[in-house]
Amino acid sequence: MVMIMHKIKKFLVTSIIYSFSLAVFASGEGGWTLSNDNSRLSFVSTKVKDLPETHFFEQLSGSISEEGQVSISIDSGSLNTGLELRTDRMKEFLFKVVDFPSINISANVDMTPVNALDDGESIRTAAETTLS
């Protein structure tokens with residue numbers, strides 16, 4: 001089981017690096033809140049060597065505190081591959097949704113450039129993350 005989770009973590013981290021598009025909005029408490037409707041976490045698997053298939057999670061939540069503490073939760077049961085049988089198999093065998101109903105990501109980011117953003121602006125930033 002540990003080896004499987006390690007593979008899933010490695011797989012997810014690679015996917016997150018390349019296809020994490022998050023929209024966050026300032027909240028009344030001074031931090032930022034992730035907008036599920038404007039965010040997407042997708043990943044690509046390859047079938048038969050050359051056939052890429054894109055999959056995504058429909059339910060994300062998260063926030064960034066005033067201090068830069070990032071917390072993101074992914075409902076692993078919200079996986080959508082576009083094909084019901086493939087979705088069911090990936091939930092059962094790859095993500096083991098029964099045992100791991102959520103995927104949690106935490107990180108710390110420098111808020112200086114974030115706080116300097118004007119409405120509608122965006123930035124890219126790298127951060128060391130923890131996946132659990």
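Me: Buried means under 20% relative accessible area, exposed means over 50%, and partly exposed is in between (1.4 Å probe, protein chains only). As what does E53 count?

Reply: This is a predicted model, in which local features need pLDDT of at least 70 and side-chain atom pairs count only at pLDDT 80 or more, while totals for chains, interfaces and linings use all residues. Residues are numbered from 1 along each chain as its sequence is written, and side-chain values use heavy atoms, with hydrogens and water left out. The relative accessibility of E53 is 13%, so E53 counts as buried.

Me: How many helices and strands does the secondary structure of the protein chain come to?

Reply: Helices (H or I, at least four residues) and strands (E, at least two) are DSSP runs, numbered from the N terminus. Along the sequence they follow the pattern α-β-β-β-β-β-β-β-β-α-β-α-β. The total is three helices and ten strands.

Me: How many bridges join strand β4 to strand β5?

Reply: Two strands pair if DSSP finds at least two bridges between them. Strand β4 (residues 40–47) and strand β5 (residues 51–57) run antiparallel and form a hairpin with three residues between them, where V48 in the turn has a positive phi of about 50°. T46 stands opposite P52, and V44 has T54 as its bridge partner. The number of bridges joining β4 to β5 is seven.

Me: Which residue in β8 does F56 stand opposite?

Reply: Strand β5 also pairs with strand β8 (residues 79–80), in the antiparallel sense and over two bridges. On the β8 side, the residue opposite F56 is N80.

Me: With which residue does R86 form a salt bridge?

Reply: A salt bridge is a side-chain nitrogen of Lys or Arg within 4 Å of a carboxyl oxygen of Asp or Glu, and the count by this rule is one. The closest N and O atoms of R86 and its partner are 2.8 Å apart. The pair links distant parts of the chain, R86 in helix α2 (residues 84–94) and the partner in strand β5, 33 residues apart. That partner is E53.

Me: Which residues touch the most other members of the largest nonpolar core?

Reply: A nonpolar core is a set of buried Ala, Val, Leu, Ile, Met, Phe, Trp, Tyr and Cys residues joined through side-chain atoms within 4.5 Å. The largest one holds 21 residues, and the elements giving two or more of them are β3 (32–34), β4, β6 (60–64), β7 (69–75), β9 (102–108) and α3 (111–115). The members that touch the most others are F57, I74 and F95.

Me: Of what kind is the aromatic pair that F57 and F95 form?

Reply: Rings of Phe, Tyr and Trp (its six-membered ring) pair if their centres lie within 6.5 Å; planes under 30 degrees apart count as stacked, over 60 as edge-to-face and the rest as tilted. The structure holds three such pairs, and ring pairs link F43, F57 and F95 into a cluster. F57 and F95 are both buried. Their ring centres are 5.5 Å apart with 85° between the planes, and the pair is edge-to-face.

Me: Over the face of which residue does R40 lie?

Reply: A charge sits over a ring if NZ of Lys or CZ of Arg is within 6 Å of the ring centre and within 35 degrees of the ring normal. R40 is at 3.8 Å from the ring centre. The ring belongs to F56.

Me: As what does S63 count, by its relative accessibility?

Reply: S63 is in strand β6. Contact means heavy atoms within 4.5 Å; leaving aside neighbours within four places in sequence, S63 is in contact with W32, T33, L34, Q69, V70 and S71. S63 and T33 are 30 residues apart in sequence and 4.3 Å apart in space, C-alpha to C-alpha. At 33% relative accessibility, S63 counts as partly exposed.

Me: As what does T46 count, by its relative accessibility?

Reply: T46 is in strand β4 and, not counting residues up to four places away in sequence, touches L51 and P52. Its relative accessibility is 52%, so T46 counts as exposed.
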